Amino acid sequence: MNVELLHYTPLPVAAHAIRTCWQSFDKGDCGGPKDKELIDRVGNKYKHASTLEHLVYTFYIQGISRALLQELARHRMASLSVKSTRYTLKELKSIEPFAEDDFEGASRFIVLTGNEMVDRASIKALNNLQAILKEGISNDIAKYCLPECYKTELTWTINARSLQNFLALRSSKSALWEIRNLAYEIFKALPEDHRYVFEDCLEKQINSN
């Protein structure tokens, strides 16, 4: 799994949005301590979280399973542009089938769980998909037998309010292990001066690791 932050809104934009409400622009300090405290106080402590929607982040997420992709789709206040199976399944056609225990080789295409029984079954499913593609079946039909573990990637854009919700839910120990790992990787990819906006969402987990 790899997470890269492509673009983000500077903090002064959120501070400007908040100060618009009270016309207190003269009290700003261009994203300095006063503005940062204002964002935390209004957006987090006072729960006027709509002001945090002016902060937007775009991530490039690689190496996640399609099972995780389904989980991401449940976070509706975000935009996803996902690697197309229609145009990219050809990457499987030019390689030989994987041995049932070739976990390292197969990990190029599938997410492994560490459970040997499950991972062997996933390799079999990957080989079945390869065989179907090599028979000339179109990608649009062949993709119906894609295993859930098949790797994908996407560009993901989300505002700070929705990201707080995502991190709070998906860093939970009850969350799917893969999306929990993603939550931490996303937090680590955030600019350092933005992380204080989200720290409370992960505080217990951070302190316990």
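**Exercise 1.** In what order do the elements of the chain run from the N terminus on?

*Solution.* Let's walk along this predicted model. Starting at the N terminus, the order is β-α-α-β-α-β-α-α-α-α-β-α-α-α. That gives ten helices and four strands in the chain.

**Exercise 2.** Work out whether the chain is as compact as a globule or more spread out.

*Solution.* Begin with the rule: for 209 residues, the globule rule gives 17 Å. Next, take the radius of gyration of the chain, which is 21 Å. This value is well over the rule, so the chain is more spread out than a compact globule. To picture the outline, note that the C-alpha trace spans about 70 × 35 × 20 Å along its principal axes.

**Exercise 3.** Find what the aromatic pair of phenylalanine 98 and phenylalanine 109 ties together, and decide whether each residue is buried or exposed.

*Solution.* First, the geometry: the two rings sit 6.0 Å apart, centre to centre, with 55° between the planes, and the pair is tilted. Second, the location: phenylalanine 98 lies in the loop between α4 (85-88) and α5 (103-106), while phenylalanine 109 lies in the loop between α5 and α6 (116-134). The pair therefore ties together parts that are eleven residues apart in sequence. Third, the burial cut-off is under 20% relative accessible area. Phenylalanine 98, at 13%, counts as buried, and so does phenylalanine 109, at 3%.

Technical notes:
Residues numbered from 1 in each chain as written. Predicted model: local features only at pLDDT ≥ 70, side-chain atom pairs only at ≥ 80, totals over all residues. Heavy atoms only, no water. Helix = DSSP H or I, 4+ residues; strand = E, 2+ residues; numbered from the N terminus. Rg over C-alpha atoms; globule rule 2.2 N^0.38 Å. Phe/Tyr/Trp six-rings, centres within 6.5 Å; stacked < 30°, edge-to-face > 60°. Buried < 20%, exposed > 50% of the residue type's maximum accessible area, 1.4 Å probe, protein only.
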